[in-house]
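Colleague: Could you take me closely through one part of this model, the face between the two chains, and then set it in its surroundings? Please give the cut-offs as you go.

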Number of protein chains: 2
Amino acid sequence: MALDQIRAARSISRVELAEGLGLTSAAVTRIVRDLLDDGLVVEDGRGRSTGGKPRTILRLNVRSRYSIGVHLERNACVIVVIDLAGGVVTRAVLPGVASAPPGEILSSLADRIHVRLRSAGIELSTVVGLGLVTYGPQDWRSGVLLTPQPNPQWLDFPVAERMSEFVRLPVLVDNDANAAAIGEYWLGGVEPSSTFASLYLGTGIGGGVVVAGQLYRGSSSNGVEIGHISIDVNGESCSCGNRGCLERMAGPEAVVRHAWQTPLADRLALGPSVPATEYADFLDLFARITDAAVAGDTEAQALVEESARLLGHASITLANLFDLDTIVLAGPGFGSAAATYREVIAAEVNRSWFSRRAHAVRVVPSVSGSDAAAIGAAALVLQHGLVDRPIHPVPRRTAV
Amino acid sequence: MALDQIRAARSISRVELAEGLGLTSAAVTRIVRDLLDDGLVVEDGRGRSTGGKPRTILRLNVRSRYSIGVHLERNACVIVVIDLAGGVVTRAVLPGVASAPPGEILSSLADRIHVRLRSAGIELSTVVGLGLVTYGPQDWRSGVLLTPQPNPQWLDFPVAERMSEFVRLPVLVDNDANAAAIGEYWLGGVEPSSTFASLYLGTGIGGGVVVAGQLYRGSSSNGVEIGHISIDVNGESCSCGNRGCLERMAGPEAVVRHAWQTPLADRLALGPSVPATEYADFLDLFARITDAAVAGDTEAQALVEESARLLGHASITLANLFDLDTIVLAGPGFGSAAATYREVIAAEVNRSWFSRRAHAVRVVPSVSGSDAAAIGAAALVLQHGLVDRPIHPVPRRTAV
């Protein structure tokens with residue numbers, strides 16, 4: 001917590017730190033001594049005096065430790081290395097998992113990361129750990145995927161354990177949409193005291209909720225599956241087992257499948273439709289539809305607006321349940337139609353959410369672009385590995 | 001937090017307390033000294049030695065302080081006085097608010113409470129405060145209702161401030177369904193580390209989520225409005241501003257209105273239907289339907305099972321968003337049909353919630369009967385007033 005406070009404040013005196021943490025100055029002196037010994041914090045000149053003797057200012061030693069974040073999807077894999085302040089030191093985008101088995105992908109990923117660290121001049125010993133975020137549900141504590149995504153070979157695979165062997169670092173596995181939410185917080189996209197949800201539009205639709213800088217985890221860190229809440233009790237069955245799911249009715253695939261049934265398919269060269277169970281690059285096809293909507297195609301506009309209305313409708317549920325003050329729209333899916341989505345979702349929520357007499361819900365674009373999840377993954381490692389007393393249980397780790 | 005730990009453990013040594021709180025023994029010695037001075041804790045003999053000298057055991061001085069909980073509804077008002085361990089010392093049920101103005105109700109309520117305390121031999125100076133829980137939305141920090149419930153005169157009325165003047169105690173106003181959830185926790189109805197939701201069926205449908213003993217509050221303590229999440233994006237408009245709301249489709253009023261359109265209305269003497277905007281004792285009429293269902297009336301059974309199915313459907317949303325391990329069914333509405341609701345909801349959730357590969361969701365009946373909200377109201381006061389460092393902001397209070 002002490003390091004979190006120093007990070008948030010950038011520079012702070014011991015007295016301010018004691019006030020912020022509600023600890024005695026003796027306790028803070030002890031904590032700070034350990035941080036100085038570990039080189040995580042440096043003393044940096046004198047602060048403004050408030051009458052007594054001038055106070056020594058503590059600063060985060062930003063480049064004393066690093067953390068790696070990996071956002072692994074079927075289509076793409078984003079790697080970032082961040083420093084203690086959340087600044088991105090190096091970044092790479094690799095091809096996604098496609099149909100490859102996990103062992104092969106993780107091993108080559110580890111090799112790429114070692115090369116990357118060497119060329120950036122970062123010693124492995126200064127890296128706190130690696131956060132790998134991907135599809136849920138997961139067994140968060142053991143780092144095992146409980147989903148046949150990104151492909152069926154990953155189901156029940158011990159991702160954290162094997163990745164840790166390959167990369168020779170502690171590895172934390174988490175949900176990508178949760179990570180995107182915490183990434184938003186670290187990048188300063190929201191007020192520090194905010195209760196916000198990130199609504200993540202990728203191939204699917206995910207979400208994460210952050211309350212005053214802490215990820216809402218629930219029982220097993222599998223929460224905020226906004227893509228699989230039902231908006232129609234009599235709707236079509238979804239592969240998740242529920243019916244009328246938001247993702248199935250309003251996600252990129254749903255919009256593309258609607259477009260395939262209209263003249264838009266020819267006009268935008270969307271190609272022939274594929275059966276319901278088959279894979280296509282829906283995010284790319286969807287981008288052609290949002291581009292056409294922005295360019296003034298009324299048929300494309302209607303499809304995008306209906307998708308936005310349904311996302312707005314689900315956002316009312318999010319606000320009614322989590323009492324949010326902010327909703328952040330994140331992920332590559334919003335693309336060129338981000339402004340339309342923002343406008344429609346904000347209007348829906350603020351017209352109809354239950355406690356609108358109490359306060360408004362702001363709907364804002366992400367500040368982190370498509371790196372939110374990877375940055376959040378790295379930030380989660382820093383939160384787990386560096387705070388002196390984590391609020392949430394630290395996931396079990398394999399040895400360094 | 002120290003007092004919370006002592007309360008949870010019933011008896012504990014300073015060493016165990018220091019371990020539980022992650023504080024140094026010096027810090028714990030200081031905290032315990034203050035608790036002893038205030039008479040909140042007593043030293044009570046010697047614990048088992050673990051080799052060294054025997055440890056002095058600390059116990060909560062259960063009857064050293066009290067807290068009052070009031071659950072105020074249109075139909076009824078439940079008052080409880082609890083001790084530091086959450087035990088109910090005295091309890092009363094009064095008529096509800098009906099059409100009376102707030103000033104009148106609160107003043108007579110305060111008189112009744114003073115009489116009650118005197119006859120129980122409790123000094124006002126030993127009462128930590130009063131928690132009043134009722135309809136939302138509310139301005140939680142100032143204790144003002146932002147809803148025309150229980151009747152339009154209560155909208156914007158400064159409930160906390162006026163009640164505090166009348167009763168001469170600090171007053172905290174909160175949402176009744178939130179309070180029912182924390183009441184369940186205090187009464188030991190769930191595992192202490194549990195992430196659970198209470199699904200409260202009264203005249204309306206409310207909810208509360210508790211994570212490891214702390215109420216999920218969100219931005220303004222107006223969260224978990226499960227009755228007003230939509231289960232049908234194309235459903236009927238609700239007075240809340242949303243459409244297809246769970247309460248409107250599956251609550252007691254909805255079931256009674258369905259029954260009015262069938263021969264059940266005559267068979268169960270439900271009386272003539274009233275217009276949509278008009279008030280009736282729907283909870284009483286609904287009880288006749290659940291009683292008939294339990295007695296084997298197939299038409300009544302069909303109505304109750306459909307209501308349960310819709311509650312189960314909304315419970316999937318709750319589980320998918322909050323990642324719950326337990327759902328507690330609370331409130332008077334379940335009445336004689338509690339077993340049917342439990343069975344149907346458990347089946348729906350565990351068949352279809354997103355992360356069922358990660359863990360099951362238990363669906364259990366409340367242990368607290370219809371007093372859950374009042375007991376929770378009193379417990380919230382103890383949590384706010386007694387923990388040494390509250391996690392959530394303490395609501396602004398008027399002077400004692």
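**The interface of chain B and chain A**

Modeller: Between chain B and chain A an area of about 4,500 Å² is buried, and carbon and sulfur atoms give 57% of it; buried area here is the accessible area, taken with a 1.4 Å probe, that two parts lose on being put together, summed over both. The model is a predicted one, in which local features need pLDDT of at least 70 and side-chain atom pairs count only at pLDDT 80 or more, whereas totals for chains, interfaces and linings use all residues. Residues are numbered from 1 along each chain as its sequence is written, chains are lettered from A and ligands numbered from 1 in the order in which they are written, and side-chain values use heavy atoms, with hydrogens and water left out.

Of the area that chain B buries against chain A, 17% comes from Val233(B), Leu321(B) and Phe354(B), more than from any other three residues. In terms of contact (heavy atoms within 4.5 Å), 55 residues of chain B meet 55 residues of chain A. Zero salt bridges are counted between chain B and chain A, a salt bridge being a side-chain nitrogen of Lys or Arg within 4 Å of a carboxyl oxygen of Asp or Glu. Polar contacts, by comparison, are found across this interface for 32 residue pairs, both residues at pLDDT 80 or more; the rule asks for a pair of N or O atoms within 3.5 Å, where within protein one must be able to donate a hydrogen and the other to accept it, and residues adjacent in sequence count only if both atoms are side-chain atoms.

On the side of chain B that touches chain A, β12 (205-211) and α11 (298-322) of chain B each supply at least two residues, and α11(B) gives the most, with nine residues. Helices (H or I, at least four residues) and strands (E, at least two) are DSSP runs numbered from the N terminus. The residues of this side divide into 22 nonpolar, 22 polar and 11 charged, where Ala, Val, Leu, Ile, Met, Phe, Trp, Tyr, Cys and Pro count as nonpolar, Asp, Glu, Lys and Arg as charged, and the others, Gly among them, as polar. In the loop between α11 and β14 (326-330) of chain B lies Asp323(B), whose phi is near 50°, a positive value in a residue other than glycine.

The loop between α5 and β10 of chain B holds Arg168(B), which has a positive phi of about 55° although it is not a glycine.
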